[in-house]
Amino acid sequence: MDIKTILNEIKSELPQTTQLVAVSKFHPAEAIKEAYYAGQRIFGESKVQELENKHTVLPKDIEWHFIGHLQTNKVKYIAPYISMIHAVDSYKLLDEINKQAAKSNRIIPCLLEIHIAQEETKYGFTPDECTEMLNEGKWKDLKNISISGIMGMATNTDDEAMIEKEFIKLETYFKELKSTIFKEYESFKELSMGMSEDYHLAIRHGSTFVRIGSKIFGIRNY
Ligand SMILES: *Cc1c(COP(=O)(O)O)cnc(C)c1O
């Protein structure tokens, strides 16, 4: 199937409240153009240099979402144009994004990455660590970022019950934050979860951004 057909198929499955981030990492600009001409505007990348190259050559109305682990020393490169940063996993990173966003006179929407998977290697706050950071309150002084929600990745497994349990954990924590710390913040509304293999489950648990790569663009070579 071609990219356009797959995109249309995925979009027909998404509720109105769920947006598609087409994860184009490791795929060439040509593949992105194909998706772009099929109407897709939100693309997800996970490496700064690769994103820089693509941002330079591709249409300016693309909304780039950074979905990977972001190093503080690289924030400055993408701050002038990035539409959303999905995987903020420390206060230090949030602070740096704020500084760089200020230089561009922008407010950058950020999602806090919450560790829900079994794998030890994945980044992110535990819910307790995240609540602690938020309760400290320093983030409230950061005027050039907005905390728009949370993001997470389920364990890479065939065990659907396990994946579902992890998504429920994220959904529950999202609702908790929304009704407490972020009660007065309308901009806190995004729950980024679900990838090629598990997005149907994620949608059932309230995902507002699914991040889908290989299902659209095929196997990545890396
Ligand atoms: C690569 C990646 C995806 C997309 O994964 P697929 O299985 O190809 O859909 C989604 N989210 C993050 C954070 C990723 O790094």
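Modeller: Let's start with W139, which is buried at 4% relative accessibility (buried means under 20% relative accessible area, exposed over 50%, partly exposed in between, with a 1.4 Å probe and protein chains only). Just so you know, this is a predicted model, where local features need pLDDT of at least 70, side-chain atom pairs count only at pLDDT 80 or more, and totals for chains, interfaces and linings use all residues. Residues are numbered from 1 along each chain as its sequence is written, and side-chain values use heavy atoms, leaving out hydrogens and water.

Y185 is partly exposed, with a relative accessible area of 31%. W139 and Y185 make a tilted aromatic pair, 5.4 Å centre to centre with 50 degrees between the planes. Rings of Phe, Tyr and Trp (its six-membered ring) pair if their centres lie within 6.5 Å; planes under 30 degrees apart are stacked, over 60 edge-to-face, and the rest tilted. W139 sits in the loop between α6 (127–136) and β6 (145–151), and Y185 in the loop between α7 (160–179) and β7 (190–192), so the pair ties together parts 46 residues apart in sequence. Those helices (H or I, at least four residues) and strands (E, at least two) are DSSP runs, numbered from the N terminus.
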